[in-house]
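Please read the numbered points below with the model open beside you. They go residue by residue where that helps.

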Amino acid sequence: MRIGHGYDVHKLGPGRRLVLGGVEIPYELGLIGHSDADAAVHALMDAILGAAGLGDIGRLFPDSDDAYLDIDSLVLLDRVTALVRARGFSVGNADITVVAQAPRLSPYVDKMRDTLAARLHVAPDRVNVKATTEEHLGQVSTLGIAAHAVVLLEETAPKLRNL
Ligand code: MG
């Protein structure tokens, strides 16, 4: 088994869609970034890549490359999932915490879980999504939205990785 951790934060601003965990959330502000700036999916991908020893999303999908401009982060997650599966890993489970002062995210966490589980090719009970505020004590969660992720990868075909 391999464990990985991921963290990401994006700033909130006007004129952008708010997409978290692959789910669009109605709000007057959205996250600013080169892609759709889905901080939850970015943290998840970094946790997967970390567990597999494959670096991070900045290395795989550089923001200097226009191919990734405004890209749906779920498409990038599909690539990361395919990459680690090709290396003989499967996702054991993933636990994601989204940190946002606003908007209220709890109505959307189950949809995020189902969306991410489908993209990871695992049952929904292997993915957990939580949302928390920082009780107005954190600057990050008022100016933007952050996400932490922890992932356990299982080596399904360890010998294949050495071919
Ligand atoms: Mg990011």
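1. Aspartate 65 counts as partly exposed because its relative accessibility is 30%. On this scale buried means under 20% relative accessible area, exposed means over 50%, and partly exposed lies in between, with a 1.4 Å probe and protein chains only. Aspartate 65 sits in the loop between H2 and H3. Helices (H or I, at least four residues) and strands (E, at least two) are DSSP runs, numbered from the N terminus. The C-alpha atoms of aspartate 65 and histidine 121 are separated by 28 Å, and the two residues are 56 apart along the chain.

2. A word on the source. This is a predicted model, in which local features need pLDDT of at least 70 and side-chain atom pairs count only at pLDDT 80 or more, while totals for chains, interfaces and linings use all residues. Residues are numbered from 1 along each chain as its sequence is written, and side-chain values use heavy atoms, with hydrogens and water left out.

3. Next, the metal site. Which residues are the protein donors of the magnesium ion? They are Asp8 (OD), His10 (NE2) and His42 (ND1), lying 2.1 to 2.2 Å from the ion. Donors are N, O and S atoms within 2.8 Å of the metal (3.2 Å for Na, K and Ca); water is not among the atoms, so sites may look incomplete. Along the sequence, the spacing of the donor residues is D-x1-H-x31-H. The two histidines link distant parts of the chain: histidine 10 belongs to strand E1 (residues 2-13) and histidine 42 to helix H1, 32 residues apart. Histidine 10 is buried, at a relative accessible area of 15%, and histidine 42 also counts as buried, at 6%.

4. Helix H1 (residues 39-52) has 14 residues. From its first C-alpha to its last it reaches 20 Å, close to the 20 Å expected at 1.5 Å a residue. The expected span is 1.5 Å times one less than the number of residues in the helix. H1 is mostly covered, with 13 of its 14 residues buried. Just after H1, glycine 53 has a positive phi of about 70 degrees.

5. The largest pocket has a volume of about 260 Å³. The search runs on a 1 Å grid over the protein atoms alone; a pocket is an open set of points with protein on both sides within 12 Å along at least five of seven lines, whereas a cavity is a set of points where a 1.4 Å probe fits but cannot get out. Lining residues have an atom within 4 Å of a point. Grid points are joined across faces, edges and corners, and the volume is the space filled by probe spheres set on the points.

6. Which residues lie nearest the centre of the largest pocket? Of the 15 lining residues, these are Ser35, His42, Ile57, Phe61 and Asp63. E1, H1 and helix H2 (57-60) each supply at least two residues of the lining, and E1 gives the most, with three. By type, the lining divides into six nonpolar, six polar and three charged residues. Here Ala, Val, Leu, Ile, Met, Phe, Trp, Tyr, Cys and Pro count as nonpolar, Asp, Glu, Lys and Arg as charged, and the others, Gly among them, as polar.

7. Serine 35 is in the loop between strand E4 (30-31) and H1. Serine 35 is buried, with a relative accessible area of 7%. Serine 35 and proline 14 are 16 Å apart in space, C-alpha to C-alpha, and 21 residues apart in sequence.

8. Side chains of opposite charge can pair when their charged atoms come close. The whole structure has seven salt bridges, each a side-chain nitrogen of Lys or Arg within 4 Å of a carboxyl oxygen of Asp or Glu. One of them joins aspartate 78 and arginine 119 (2.8 Å, N to O). That pair links distant parts of the chain, with aspartate 78 in helix H3 (residues 73-86) and arginine 119 in helix H4 (residues 109-120), 41 residues apart. Aspartate 78 is partly exposed at 30% relative accessibility, as is arginine 119 at 25%.

9. Arginine 113 and aspartate 110 also form a salt bridge (3.6 Å, N to O). Both lie in helix H4, three residues apart, about one turn of the helix. Asp110, Arg113 and Asp114 are linked in a network of salt bridges.
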